[in-house]
Amino acid sequence: MEIETKKTNRSGFIKQIMLGLISAFSFGLIAFKTQKEKSSVQKNINTLSDSETNKLTALIDHSKVTRTKPELPPHKA
Amino acid sequence: MQKGKKNSRRDFLKKVSLGVGGSAVALSACSNPQFDNFFQRNFKTLSKNDIDEILKNLEIKYSEKYGKNFTVSGKKAIDNTFFGYALDLSRCIGCRRCVYACVDENNQSRDPQIHWIKVLQMEKEKGIDFAHSNIHYNPEKVPEEGHFYVPVSCQQCENPPCIKVCPAKATWQEEDGIVVVDYNWCIGCRYCMASCPYGARHFNWKEPHIPEEEINPITHYLGNRPRPVGVVEKCTFCIQRVRDGKYPSCVEICPTGSRKFGNLLDPNSEIRYILDNKRVLVLKAELNTKPNFFYFFGM
């Protein structure tokens, strides 16, 4: 009887270990995939330099925009 | 000598029993929610049952205070989501509609005034120049000749200095990239404000005042729930909206469509289209904060 219980416990234990390993592996895989995707987005970002930005701001054209009344500015401290 | 010793022991025991009795009375005088509130653990370490109970208590508290049916959500980040934001500088006209939509949606204090979004007016000739920008512009109509507008709020940095300096670990970045504050854990030291290069964090110097009829009762624990005095707050990309699949309120209100928002991990999202096809500007890139808030020129 005792031996049987021992056997069941061992197989249960192995099952749990296997389940744990599989879930840890899948979580790791998901985390790795997400991290890879994030870093690839960050890597592909094509940023503007300050001088390029300043050239582009000078080119902003508001001539065709409908003028509107702005909301109130924040209180002065 | 022995007599004196006996007396002092008796006195000591008396004092101890008085102290124990006194503290027992003081503790029993504290109502249960107050006691729980004081000893509440950091939001990140709470179990689901604890969170549910805390949210329920907050809903009751806010509903009683503001006379509206409050919901306080604790919704976690959606899987495989990492939020990004882009703003078209060539379209922004500086109308400040976003500022007030944000104030209404996120229950920001009206007096003293707190604005999570600041719209800076700059001169076209000078380019991006924070030192000479004007936040208090108030002409009859916008956009004004020779000017452009740069709205600035939390940049939800991937390498946020505000998180590193917090001594209480009351602020952290969620899995979807949103930097949040646990108002119950914030000790109000304002180190995060000092470390933020974008001036995106705001301190509640006084009890926030929000008129009852203007309060937004749909809230998130880490976002727009009413804040107590003495804590720091900031933009959360409208966490209570975006985790329900909605756009942030500033994106929805913008009359020129200059604000774009989406999931950076979704290759078909609008934000990814912008990042893949446009050259973008990140503010103060030299500080290596890696903002997830991008500026671009759609013209």
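1. Burial in chain A. In this predicted model, chain A has 77 residues, and 16% of them count as buried. Its secondary structure comprises two helices and zero strands. The accessible surface of chain A amounts to about 6600 Å². Carbon and sulfur atoms contribute 63% of that surface.

2. Cis peptide bonds in chain B. Most peptide bonds are trans. Against that background, two bonds in chain B deserve a look. The bond joining B:D111 and B:P112 is cis, with omega about 0°. B:P112 sits in the loop that runs between α4 (97–105) and β3 (118–123) of chain B. The bond joining B:V142 and B:P143 is likewise cis, again with omega about 0°. Here the proline, B:P143, is found in the loop between β3 and β4 (147–152) of chain B.

3. Positive phi at B:N80. Most residues other than glycine have a negative phi. B:N80 is not a glycine, yet its phi is positive, at about 55°. The residue is placed in the loop between β1 (71–73) and β2 (83–88) of chain B. Is B:N80 buried or exposed? With a relative accessibility of 52%, B:N80 counts as exposed, since the class begins over 50%.

4. Positive phi at B:C238. A positive phi of about 55° is also found at B:C238, another residue that is not a glycine. B:C238 lies in a loop of chain B, between β9 (232–233) and α7 (239–242). Is this cysteine, B:C238, buried or exposed? Its relative accessible area is 5%, and B:C238 is therefore buried, as the limit for burial is under 20%.

5. Points to check in the structure. In chain B, the backbone features to examine include the cis bond between B:D111 and B:P112 and the cis bond between B:V142 and B:P143. The positive phi values include those of B:N80, an exposed residue, and of B:C238, a buried one.

Conventions
Residues are numbered from 1 along each chain as its sequence is written. Chains are lettered from A and ligands numbered from 1 in the order in which they are written. This is a predicted model: local features need pLDDT of at least 70, side-chain atom pairs count only at pLDDT 80 or more; totals for chains, interfaces and linings use all residues. Side-chain values use heavy atoms; hydrogens and water are left out. Helices (H or I, at least four residues) and strands (E, at least two) are DSSP runs, numbered from the N terminus. Buried means under 20% relative accessible area, exposed over 50%, partly exposed in between (1.4 Å probe, protein chains only). Accessible areas come from the Shrake-Rupley method with a 1.4 Å probe; for residues, only the protein chains shown count as cover.
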